[in-house]
Amino acid sequence: MTIIEGNKDEALRCIDIAVQSLSEGKLEKAEKFLLKAEKLFPTQKAKDLLTKVKSFPTNGGGSATSSARSAADGEGVRKRKLSDSRNAEPEYSSDQLEAVRKVKKCKDYYEILGVTKQSTDSEIKKAYKKLALQLHPDKNRAPGAVEAFKAVGNAAAILTDAEKRKQYDMYGINESHSGGGGGGGNGGMRGNYYANDFGYARGFQADVSAEELFNMFFGTGFPQQNVYMRSQRRRQQREERENQSSSSALINLLPILLLIGLSMMSSFFISDPIYSLSPSHKYSVKRETNTLKIPYYVKDNFYSEYQGSVGRLEESVEEDFFNHLKHSCSRERNYRDSMLAKARSFGDRDLFRKAQNINMPSCDNLQKYLNT
């Protein structure tokens, strides 16, 4: 122990003696020990007490003694309050805190409830009831209990709904996610449908709140009928939004349908084309262009009825052929890109590999002709 630390301890001892002396009304003794404490190791506490001692009236010992005792008592009360606040027992037990931590570390809804994918609906409800009673905020005051209670409620609401459970089993499989976040607890989840620290994605939110679900199971709080009505309203609103989306899509398709109709009507007034890039009953005679050997098909009477330039016709054939390949290649690429995007969104590695290996014959064919 250094000299300064030794002086500090001695100074604190002198302050304690001074406080005791004040409680006994011995002002001179208190002042003596406070001055000694200031010399050994100056502290604000000693200065404050010394100021109080000097402010006490010297006439009327009873008054001085009473004031001194009051100051000492005040100091003692302050110490007791500080000690009580430090030694105060928490409002929750270690078991309650451990229950919250256990839920927080879970990686998926099944683990939260302590059930398996083979568990029946009744088993899931039984597990939920047990956990909900442990974690309800009115009973469990541990840090994070509210979030844990919501997590358990959300898990039960999803896994007791047949359709949502099916979707969750398809897209909620653990893979990986950012630490502290998502996708599947501390690990992750395909499609980011789950996040630890109770950060659930919108994709798997329950139709009812955790408190409403608790009331439905235990018959407390809000009437179950009100909960059901709110759930019905949410479903109705969601269906209305879906219907509006379908109507918008149909309106957007109307111009395309109109063009198709006009094209079909115009076909009655336009003569048949001279050739076709694909064989049919009408275009059954196969020919090839002189330059790139691209196959095309003509009618049986082509040689007798066609009076135009075969060279210009074959240029048109090749131009149409390449345009067709470009359009087909574009569709193939768009399809592959959409599948890759879907795989990335879901975090599905198998789907990602399949998307990468999708055949694109039009693109391959186009590249072959471009390299010739």
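With a relative accessible area of 39%, aspartate 272 counts as partly exposed, where buried stands for under 20% relative accessible area, exposed for over 50%, and partly exposed for the range in between (1.4 Å probe, protein chains only). The model is a predicted one, in which local features need pLDDT of at least 70 and side-chain atom pairs count only at pLDDT 80 or more, while totals for chains, interfaces and linings use all residues. Residues are numbered from 1 along each chain as its sequence is written, and side-chain values rest on heavy atoms, with hydrogens and water left out.

Aspartate 272 forms a salt bridge with lysine 282, the closest N and O atoms lying 3.0 Å apart; a salt bridge is taken here as a side-chain nitrogen of Lys or Arg within 4 Å of a carboxyl oxygen of Asp or Glu. This pair links distant parts of the chain, since lysine 282 belongs to the loop between β1 and β2 and aspartate 272 to the loop between α11 (224-266) and β1, 10 residues apart. Helices (H or I, at least four residues) and strands (E, at least two) are DSSP runs, numbered from the N terminus. Lysine 282 is also partly exposed, at a relative accessible area of 43%.

A second salt bridge joins arginine 287 to glutamate 314, with 3.7 Å between the closest N and O atoms. Here too the pair links distant parts of the chain, arginine 287 being in strand β2 and glutamate 314 in helix α13 (residues 310-346), 27 residues apart. Both arginine 287 and glutamate 314 are buried. Salt bridges that share partners join Asp272, Lys282 and Lys299 into one network. In the whole structure, the search finds nine salt bridges, one of which pairs arginine 13 with glutamate 10, their closest N and O atoms being 2.6 Å apart. Arginine 13 and glutamate 10 are three residues apart in helix α1 (residues 3-23) and are therefore separated by about one helical turn. Arginine 13 is partly exposed at 41% relative accessibility, and glutamate 10 is partly exposed with a relative accessible area of 25%.

Two strands are said to pair if DSSP finds at least two bridges between them. Strand β1 (residues 275-276) pairs with strand β3 (residues 295-298) over two bridges in the antiparallel sense, and tyrosine 275 stands opposite valine 298 in β3. Strand β2 (residues 285-288) pairs with β3 over four bridges, again in the antiparallel sense. Arginine 287 stands opposite tyrosine 296 in β3, while the bridge partner of glutamate 288 is proline 295. The hairpin of β2 and β3 has six residues between the strands, and lysine 293 takes a positive phi near 60 degrees there.

In helix α3 (residues 44-55), the 12 residues should span 16 Å at 1.5 Å a residue, and the end C-alpha atoms are 17 Å apart, which agrees; the expected span is 1.5 Å times one less than the number of residues. The buried residues of α3 are Ala46, Leu49, Leu50 and Val53. These residues cover an arc of only 105 degrees around the axis, which puts them on the same side of α3, the arc being that of the directions from the helix axis to the C-beta atoms. Exposed residues Gln44, Thr51 and Ser55 are carried on the face of α3 turned away from its buried side.

Aspartate 108 is found in the loop between α5 (94-104) and α6 (109-113). Aspartate 108 is buried yet has no salt bridge, and the nearest side chain of opposite charge, lysine 117, is 6.9 Å away; Lys and Arg count as positive and Asp and Glu as negative, whereas His and the chain ends are not counted. The side chain of aspartate 108 does reach the backbone nitrogen of tyrosine 110, at 3.0 Å.

Leucine 366 lies in helix α15 (residues 361-371) and counts as buried at 11% relative accessibility. Leucine 366 and cysteine 329 are 37 residues apart in sequence, and their C-alpha atoms are 7.8 Å apart in space.

How values were computed:
Polar contact = N/O pair within 3.5 Å; in protein donor to acceptor, adjacent residues only side chain to side chain.
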